[in-house]
Amino acid sequence: MNNLDWDDIRYFLAAAHTGSLAAASRQLGSHQPTVGRRIDSLEKRLGIRLFQRHAQGLTLTEEGHHIMQAAEAMGDAAATLHRASKFEDEEIRGCVRIAAPSGLAVHLIAPALPQFHEQFPKLDVVLQPSISSADLTHGEADVAVRLYRPSANDLVVRSAGVMEFGLYGSPAYLKQHGTPRNIAGLSGHCFIGYGEQLRHLEENRWLESMTGDVSYLLRSDDTHTRLAAAETGLGLAVLPHVLARRSSQLKQVIKSVEAPRKTIWLVVHRDLRHLARVRTVLDWLGDLIKTSALDKVS
């Protein structure tokens, strides 16, 4: 067990948590063969088999479960050291990693960054769009924007606003297929829905409750994919107002039917909340989301 490589252990933890090489590679921003090589390297150094490999992915062996407990303790310690090393003076400089749902990251946060950098030129932002939640306890991000309230004791959360949804289609689509005025008017229309991982979300179930047993032309867990598909006229899609209203190619329909709404939460690890650069980013995100949420939908 000499000369263990922390990166090998980090790759092992990602594979153990996600259950597959492909999912671990996405989480780490790496390549699947690299993850496999890292795990093979760790197994060789330890002299044990950590996973059973099968068609559905990876399953920890009994030895793998024992190693995982120790590896998670190492991960927690590494994250604590990383956070401790980041304490700074009050000058606003350095790097802050923001994890956010892909739709908000691409269509709301990224477009606002030029103005942010004019105000804080020494502060670098790493924006991590994803449909999954970054683990702040293990240092995967410094700040997270989430559509649910986390319950972990080591996280500090605050409400940033409310995300409301509506049903949208492009003018070209509505000209060709007609504009539905009520739920009954949705019969015969084409739809764009959520993919398998997010199909259970309330806004997608709201859409499915109105459409009934119809065929969806596209399903995707990625918000800007659904947004782009709606803009091109593929069909009607349930979208957040905060994103859809920024598009000149979308028009809301059946506004009289109340759609779901979600609270947007800003999340930070308690060890980082007093850092000047982190506070600056949290305040900026809060103002950005609040201003966008308060805008009236056209």
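Predicted model: local features only at pLDDT ≥ 70, side-chain atom pairs only at ≥ 80, totals over all residues.
Figure 1. Glu208 is partly exposed, with a relative accessible area of 21%. In general, side chains of opposite charge can pair when their charged atoms come close.

**Figure 2. The salt bridge between Glu203 and Lys262.** Glu203 forms a salt bridge with Lys262, and the closest N and O atoms are 3.0 Å apart. Glu203 belongs to helix α7 (residues 202–211) and Lys262 to strand β11, so the pair ties together parts that are 59 residues apart in sequence. Both Glu203 and Lys262 are buried. A search of the whole structure finds 12 salt bridges.

Figure 3. A salt bridge joins Asp40 to Arg53, with 3.3 Å between the closest N and O atoms. Asp40 lies in helix α3 and Arg53 in strand β1 (residues 51–54), so this pair ties together parts that are 13 residues apart in sequence. Asp40 counts as partly exposed, at 41% relative accessibility. Arg53 likewise counts as partly exposed, at 40% relative accessibility. Asp40 and Arg53 are linked with Glu43 and Arg49 in a network of salt bridges.

**Figure 4. Helix α3 and the glycine that follows.** Helix α3 comprises residues 32–46. At 1.5 Å a residue, its 15 residues should span 21 Å, and the end C-alpha atoms are 21 Å apart, which agrees. Which residues of α3 are buried? They are Thr34, Val35, Gly36, Ile39, Leu42, Glu43 and Leu46. An α-helix has 3.6 residues a turn, so residues three or four places apart point the same way. After α3 comes Gly47, whose phi is positive, near 75 degrees.

Figure 5. Helix α1 (residues 6–18) has 13 residues, which at 1.5 Å a residue should span 18 Å. The end C-alpha atoms of α1 are 18 Å apart, in agreement with that expectation. The buried residues of α1 are Asp8, Ile9, Tyr11 and Phe12, together with Leu13, Ala14, Ala15 and Ala16. Gly19 follows α1 and has a positive phi, near 85 degrees.

**Figure 6. The largest pocket.** The largest pocket has a volume of about 1,400 Å³. Its lining consists of 50 residues, of which Ser130, Ser132, Ser133, Ala134 and Glu140 are the closest to the centre of the pocket. Which helix gives the most to this lining? Helix α1 does, with six residues. By type, the lining residues of the largest pocket divide into 25 nonpolar, 16 polar and nine charged.

**Figure 7. The second largest pocket.** The second largest pocket holds about 180 Å³ of space. Sixteen residues line the second largest pocket, and Phe165, His241, Val257, Glu258 and Ala259 lie nearest its centre. Strands β6 (155–169) and β10 (251–253) are the elements that give two or more residues to this lining. The largest share, four residues, comes from β6. The lining of the second largest pocket divides into nine nonpolar, three polar and four charged residues.

**Figure 8. Strand β11 and its neighbours in the sheet.** Is strand β11 (residues 261–269) mostly covered or mostly uncovered? Strand β11 is mostly covered, as seven of its nine residues are buried. Strand β5 (residues 143–146) pairs with β11 in the antiparallel sense over four bridges. In this pairing, Ala144 stands opposite Val267 of β11. Strand β6 and β11 also run antiparallel and are joined by nine bridges. Here, Gly161 has Ile264 in β11 as its bridge partner. In a regular strand the side chains alternate between the two faces of the sheet.

Terms used: Residues numbered from 1 in each chain as written. Heavy atoms only, no water. 1 Å grid on protein atoms, 1.4 Å probe; cavity = no way out; pocket = protein on both sides within 12 Å on 5 of 7 lines; lining within 4 Å. Points joined across faces, edges and corners; volume = space filled by probe spheres on them. Nonpolar A, V, L, I, M, F, W, Y, C, P; charged D, E, K, R; others polar. Buried < 20%, exposed > 50% of the residue type's maximum accessible area, 1.4 Å probe, protein only. Pairing = 2+ DSSP bridges. Expected span 1.5 Å × (residues − 1). Salt bridge = Lys/Arg side-chain N within 4 Å of Asp/Glu carboxyl O.
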